[in-house]
Amino acid sequence: MADQLARAEPTPCYHCGEPVPDGVSLVVEIDGEPRPMCCPGCRAVAGLISGSGLDAFYRRRTAYSERPVEEDGDFAAHYRVYDDPEVAAGFSTTDDNGQVSARLLLGGITCAACTWLIEQSLSRVPGVLDASVHLQQSRLDVRLDPTVLPLSELFARVESLGYRPQPFRASTQREQSATEYRADLRRLGVAGFGMMQVGMFAVALHAGDLQGIEEQYRGLLRGFSLLVSSFVVYYAAGTFFRTAWRHLRQGALVMDLPVALAIGLAWLASAWATVSGTGQVYFDSVVMFTFFLLLGRFLEARVRQRYAVTWFDAEAALPDAVTVRRDGQWQTQPRRQLQPGDRILVKPGQTVPADARVLGGAGAVREDTFNGEHLPRHVRSGDAVYAGTVNVESALEAEVLVDFAHSRLAALQHSVEMGRSGKPRLARLADRIAAWFVAGVLLVTSATALAWLQIDPAQALWVSLSVLVISCPCALALATPAALTAAAGALRGSGVIVRGENALEALSRCTHLVFDKTGTLTAGQLSLDRVHPLADIAENELLAIAAALQQWSNHPISRAFAGVERTLDCDSVDQVVGAGLDGVRGGQHYRMGSAAFCRDLCPALPQPPDDALYWVALCSDERPLAWFGFGDHTRAEAPAVVAAAERAGIHTGLLSGDSSPRGPQLATELGMAVIGTGLQPREKLEKVREMQAGGAVVAMVGDGLNDAPVLGAADASFAVAGATDLARAQADFVLAADLGGVTRTWRKARACRRIILQNFAWALGYNLCAIPLAAAGLVPPWAAAIGMSLSSLLVVTNSLRLNRRETAH
Amino acid sequence: MDSLYLLIPVALVFVALGIKLLLWAIDSGQYDDLDKEAWRILNDDEGQDSHAQNSSAQDSGDPKP
């Protein structure tokens with residue numbers, strides 16, 4: 001990691017952590033110190049947070065915030081559609097006093113401090129009676145008085161804090177997982193209480209075994225143990241019996257079978273011993289089993305479900321409110337009411353709400369949703385535009401062609417589902433080992449029972465029972481979840497959120513690491529790379545002229561000038577769609593844009609330099625002034641990530657939707673193979689399928705909507721910081737800070753696999769020693785209990801070694 | 001030792017109460033969001049302004065330029 005630290009770091013934005021572009025000097029005073037900001041969006045959010053006296057947010061957070069999306073300023077107008085009672089009914093209820101309880105899904109919650117910020121900030125807004133944020137579900141529950149604060153204002157308020165609110169729509173899957181979580185917790189709690197009680201009785205009984213105890217007190221203690229453990233077995237362990245039975249009927253051997261057998265038989269035999277006053281009781285083992293097994297499963301389920309945000313759908317990328325022509329005038333209407341044939345108006349900067357044909361106006365749409373390309377496509381009357389693309393230049397009037405279900409975006413969503421369902425299931429290590437272990441234990445137990453029936457029939461039940469008890473499924477059951485929990489915790493601390501079910505295990509076996517280009521290996525944004533002056537004018541003056549023109553533009557390259565200080569102003573600027581900008585300053589005419597557009601004004605303009613950049617010309621009516629070269633910068637940490645993977649024997653490759661020569665060039669620079677460029681989302685998916693069919697275990701790193709299908713299909717997948725919600729929902733790992741998280745994650749995944757194997761080795765080794773002793777009838781119950789606990793403790797301690805962080809950041 | 005006949009049932013009554021209380025807490029949603037509560041118990045101090053001054057100098061671990 002030394003090479004990474006030695007590299008000169010650009011100043012990170014204090015709000016979002018992205019590097020502050022050269023020439024940007026935005027500052028917000030937080031905690032009495034000026035802090036650098038990367039963009040006006042971050043400055044606005046940070047200014048609001050600091051201005052409300054909530055500076056503490058920055059001290060408390062454990063991860064950088066997300067960079068706010070720059071949109072046209074008027075949030076409230078955009079959200080006004082939620083004031084419509086019919087629309088609001090979808091996610092809110094009104095009680096008898098007229099108070100509204102609403103549920104919002106928030107994008108951009110990166111750590112627990114975000115919940116504090118939102119709750120604190122909202123509780124100061126007049127009209128909000130109660131606000132609480134559910135971190136795991138990124139959900140805001142709020143109760144408000146709609147006469148003081150309309151819902152649209154609430155949305156706008158949340159948006160101004162830098163989060164992306166949308167209505168929270170209930171889903172059966174989500175309800176079900178919440179119910180299961182509570183049921184698991186209830187069982188765990190009951191088993192825990194039971195374990196403590198029965199454990200206390202058991203200490204007295206074991207002591208009695210050693211130093212003698214009166215028959216009447218032994219009967220009393222056993223009786224109460226029976227009472228408590230019966231309740232625990234019925235209430236908490238019932239789930240094992242049901243699962244084992246369900247699988248047995250289908251002829252499958254699962255871990256739950258010996259568990260159910262051990263618990264059931266041990267309880268039955270102990271109950272018989274209690275009633276008849278003979279033999280030995282195993283009540284403490286019964287409840288301890290139950291508790292540890294439930295604990296292991298609870299921890300595992302928590303890791304798996306923690307960030308399982310699978311409910312973001314593609315439709316959420318579309319605006320809820322659209323401008324549509326009704327009764328001869330433009331009206332704002334809910335998008336869901338759009339019909340094919342409606343005329344809609346899409347303003348610059350807005351997302352196109354439906355597949356439509358342009359009727360009036362000419363403009364450009366950014367289609368990175370579908371192809372990852374960040375330069376817009378020009379459209380004119382008669383051309384089709386697609387739902388989910390962004391109109392960048394001028395307002396477009398269009399006729400809706402189809403409803404959402406038949407749109408190209410819905411087709412993309414469909415291929416996401418296809419990708420997920422076609423994903424090859426890598427059998428889990430634990431499942432494979434468990435089946436063998438179960439068969440082995442059952443075999444040994446039966447053999448023991450048969451042998452003891454020959455030797456001493458009276459002892460047969462007790463000895464075979466002690467074999468079942470001592471085989472300790474606990475250590476085996478804890479081996480995987482303890483390691484997974486520890487690894488996920490450590491990764492989270494280093495800026496990687498683990499979401500996927502078997503992702504860590506799949507990643508540990510990954511043979512191919514595949515990257516998307518735009519937004520993943522590169523920053524996904526054009527920035528000014530080179531200024532090539534053509535006249536004898538200082539560079540900063542050229543920049544000032546360009547910036548003065550560009551502030552009137554919505555084109556992606558205008559962002560590259562956002563940080564340039566405004567020293568000049570133009571008298572008037574016209575945006576010529578598909579060509580460039582035309583401005584007048586002090587009687588002189590300027591043009592900035594494509595070569596053909598500028599040659600119209602100034603025929604002397606030479607060819608642009610040869611470098612593979614996106615060149616834009618600047619000229620006046622007298623002479624050519626400059627060529628500006630724009631490029632999408634490679635992320636600084638990308639070379640190290642690729643190199644580390646190659647060193648470890650993981651093949652790296654590029655799979656890009658962009659068809660420009662920049663892709664192969666970048667791949668060569670970084671030393672990775674080119675798997676394909678210029679591909680549609682579906683073609684990317686097929687490429688990955690092909691590789692998987694050839695035996696490769698593929699991990700994919702991507703960011704955009706167009707990557708979502710392939711992220712779903714890959715064996716393990718990463719979404720980088722700033723990825724779209726749909727891409728995040730498909731990814732197993734979400735990188736909060738930088739691409740370096742990829743390296744940290746696969747290293748941790750390999751370490752995790754090693755630890756799991758060690759745990760299994762220990763559990764099996766322990767059984768190999770203990771089972772023969774038990775089969776020989778040499779193990780008293782108290783020794784079995786101690787052995788079992790120590791074994792579980794060892795497994796947990798070993799797993800905790802994964803908790804160490806690899807590098808501080 | 002005869003007191004055991006009274007004390008153990010009394011203990012069991014308390015256990016039953018404890019379980020009842022726990023189940024009530026789970027059902028009322030108090031355990032639904034463990035991550036947030038784990039963080040909040042350490043951070044939700046209202047008197048934040050008093051120590052804002054002295055901790056601002058070596059704060060939050062963000063990389064310094």
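## Close-up views of chains A and B

The count between chain A and chain B is 2 salt bridges, a salt bridge being a side-chain nitrogen of Lys or Arg within 4 Å of a carboxyl oxygen of Asp or Glu. This is a predicted model, in which local features need pLDDT of at least 70 and side-chain atom pairs count only at pLDDT 80 or more, while totals for chains, interfaces and linings use all residues. Residues are numbered from 1 along each chain as its sequence is written, chains are lettered from A and ligands numbered from 1 in the order in which they are written, and side-chain values use heavy atoms, with hydrogens and water left out.

View 1. Let's begin with charged pairs. Side chains of opposite charge can pair when their charged atoms come close. Across the two chains, B:D32 forms a salt bridge with A:R182, with 2.7 Å between the closest N and O atoms. Within chain A, A:R187 meets A:D184 in a salt bridge, at 3.1 Å from N to O. Both A:R187 and A:D184 belong to helix 8 of chain A and sit 3 residues apart, about one turn of the helix. Over all chains, the whole structure holds 16 salt bridges.

**View 2. Where chain A meets chain B.** Contact here means heavy atoms within 4.5 Å, and by that rule 45 residues of chain A touch 35 residues of chain B. The two chains bury about 3700 Å² between them, with carbon and sulfur atoms giving 57%. Buried area is the accessible area (1.4 Å probe) that two parts lose on being put together, summed over both. On the chain A side, A:R59, A:R60 and A:R182 lose the most area to chain B, together 18% of what that side buries.

**View 3. Polar contacts and the chain A side of the interface.** Between chain A and chain B there are 6 residue pairs in polar contact, both residues at pLDDT 80 or more. A polar contact is a pair of N or O atoms within 3.5 Å; within protein, one must be able to donate a hydrogen and the other to accept it, and residues adjacent in sequence count only if both atoms are side-chain atoms. Elements of chain A that give two or more residues to this side include helix 3 (56-60), helix 8 (172-211) and helix 9 (215-235). Helices (H or I, at least four residues) and strands (E, at least two) are DSSP runs, numbered from the N terminus. The residues of the chain A side divide into 23 nonpolar, 10 polar and 12 charged.

**View 4. The annotated span of chain B.** An unreviewed UniProt entry lists residues 6-26 of chain B as "transmembrane region". In the model, residues 6-26 of chain B are 100% helix and 0% strand, and the end C-alpha atoms lie 31 Å apart.

**View 5. A six-stranded sheet in chain A.** Here 6 strands of chain A form an open sheet in the order 9-8-10-16-11-14, with antiparallel pairing. Its edge strands, strand 9 and strand 14 (384-385), each pair on one side only. Two strands pair if DSSP finds at least two bridges between them. Strand 8 (residues 321-326) and strand 9 (residues 329-334) of chain A are joined by 6 bridges, and A:R326 has A:Q329 as its bridge partner. These two strands form a hairpin with 2 residues between them, and A:D327 in the turn has a positive phi of about 50°. Strand 8 of chain A also runs antiparallel to strand 10 (residues 343-346), with 2 bridges; there A:V324 is partnered by A:I344.

View 6. Strand 12 (residues 363-366) of chain A pairs with strand 13 over 3 bridges, and A:A364 has A:H378 as its bridge partner.

View 7. Strand 21 (residues 580-585) and strand 22 (residues 588-593) of chain A run antiparallel, joined by 6 bridges. Look for A:D582 with its bridge partner A:R591. In the hairpin of these strands, which has 2 residues between them, A:G586 takes a positive phi near 55°. On to strand 23 (residues 614-620) of chain A: 4 bridges join it to strand 22, and the two run antiparallel. Here A:M592 stands opposite A:L618.

How values were computed
UniProt positions renumbered as here; feature names shortened; annotations may be inferred. Nonpolar A, V, L, I, M, F, W, Y, C, P; charged D, E, K, R; others polar.
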